[in-house]
Amino acid sequence: MRNIITLIATMAFMILMGANRAPGPQYIVKKIVIDAGHGGHDPGARGSRGSKEKDIALKIALQLGKLVKKHMKDVQVIYTRQDDQFVTLHERAKIANKNNVDLFISIHCNATPDRAARVHGTETYTMGLHTSRYNLEVAKRENAVVLLEDSFEENYQGFYPKAPESHILFSLYQNTYNNHSVKLAQKIQQEFKVRLGRKCRGVNQAGFLVLWKTAAPSVLVEAGFITNPKEEKYLNSRYGQARIAESIFRAFRDYKKELESSH
């Protein structure tokens, strides 16, 4: 009970802090964090061909960063990792917050049980209350990485990824940056669907710890299902990784232009 009370109090504090940094009328995107999910002794999801989520996410993240640096000179790119190292969810958000970034993009690959290997497509998540059992399972899978961290109960104020009540508490959290996050997420999914012809599984909300801890508009991109053999091949290919990075870049470029021109 004490851990739950602590978690509620922390959420309330972050809501108040977030309100103080909410995107205002002069909101300009100058700094972004690109977060490659997993890494080091945390491989993330695994594919039937032996591929690892951490490797695919890193390659896409680095390509995305190169595109932003090349075509958007006014934007500073900050990575949570640039090689195969383990970075805690707590530290990923800390990197964003201490640099006062204007946007956080986390890149991942999706997964399902073997019996559902035909499932494919892209999804982009924003922070919020999961509205389906499926969304909850995606969040639980991504949040489970905290069990690999030292002192995770201290870093996440009593949050325990296997406890249903911990995820239920995200219903108390209303993301100050939700409108901006959803706007970017929609543009990413549109790029995947229209330009790449990928199956669009929509923009969803779920309680991702890495998004909860980040005080900026933020999205988590599930670039495809590594457990689907056909999609795994695409995710592992240079062509597929380049196309995914380009799509996220175009969505970000359009988001930035629209956001700044509207004020």
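**Entry 1**

I began with His38, which is buried, with a relative accessible area of 7%. I used these classes: buried means under 20% relative accessible area, exposed over 50%, and partly exposed in between, with a 1.4 Å probe and protein chains only. This is a predicted model, so I kept its limits in view: local features need pLDDT of at least 70, side-chain atom pairs count only at pLDDT 80 or more, and totals for chains, interfaces and linings use all residues. Residues are numbered from 1 along each chain as its sequence is written, and side-chain values use heavy atoms, with hydrogens and water left out.

His38 sits in the loop between strand 1 and helix 2. Its phi is near 65°, a positive value in a residue other than glycine. I then looked up Asn100, where phi is near 50°, also positive in a non-glycine residue. Asn100 belongs to the loop between helix 3 and strand 3. Asn100 counts as partly exposed, at 44% relative accessibility. Helices (H or I, at least four residues) and strands (E, at least two) are DSSP runs, numbered from the N terminus.

**Entry 2: nonpolar cores**

I looked for nonpolar cores, meaning sets of buried Ala, Val, Leu, Ile, Met, Phe, Trp, Tyr and Cys residues joined through side-chain atoms within 4.5 Å. The largest has 41 residues, and those with the most contacts inside it include Ile32, Val68, Ile248 and Phe252. Among the elements giving two or more residues to this core are strand 1 (31-36), helix 2 (53-71), strand 3 (103-110) and helix 10 (238-261). Helix 10 gives the largest share, 8 residues.

I checked Ile248 next. Which residues does Ile248 touch, not counting those up to four places away in sequence? Ile248 touches Ile60, Leu64, Ile105, Ile107, Ile188, Phe192 and Val221 (contact: heavy atoms within 4.5 Å). Another core, of 19 residues, lies apart from the largest one; Ile78, Ile95, Tyr125 and Ala216 are among its residues.

**Entry 3: aromatic pairs**

I found 2 aromatic pairs. Rings of Phe, Tyr and Trp (its six-membered ring) pair if their centres lie within 6.5 Å; planes under 30 degrees apart count as stacked, over 60 as edge-to-face and the rest as tilted. Tyr125 and Phe208 have ring centres 5.1 Å apart and planes at 70°, so this pair is edge-to-face. Tyr125 is in strand 4 (residues 122-127), and Phe208 is in the loop between strand 5 (200-206) and helix 8, 83 residues apart. Tyr125 is buried at 0% relative accessibility. Phe208 is buried too, at 0%.

Tyr234 and Tyr239 are the other pair, edge-to-face, with 6.5 Å centre to centre and 80° between the planes. Tyr239 is exposed, with a relative accessible area of 58%.

**Entry 4: a cavity and a pocket**

On a 1 Å grid over the protein atoms alone, a cavity is a set of points where a 1.4 Å probe fits but cannot get out; a pocket is an open set with protein on both sides within 12 Å along at least five of seven lines; lining residues have an atom within 4 Å of a point. I counted 1 cavity of 30 Å³ or more. The largest cavity holds about 90 Å³ of space. It is lined by 13 residues, the closest to its centre being Leu89, His108, Glu142, Val145 and Val210. Helix 3 (89-98), helix 4 (133-143) and helix 8 (209-212) each supply at least two lining residues.

The second largest pocket has a volume of about 160 Å³. Its lining includes His120, Arg198, Lys230 and Tyr234.

Methods
Grid points are joined across faces, edges and corners, and a volume is the space filled by probe spheres set on the points.
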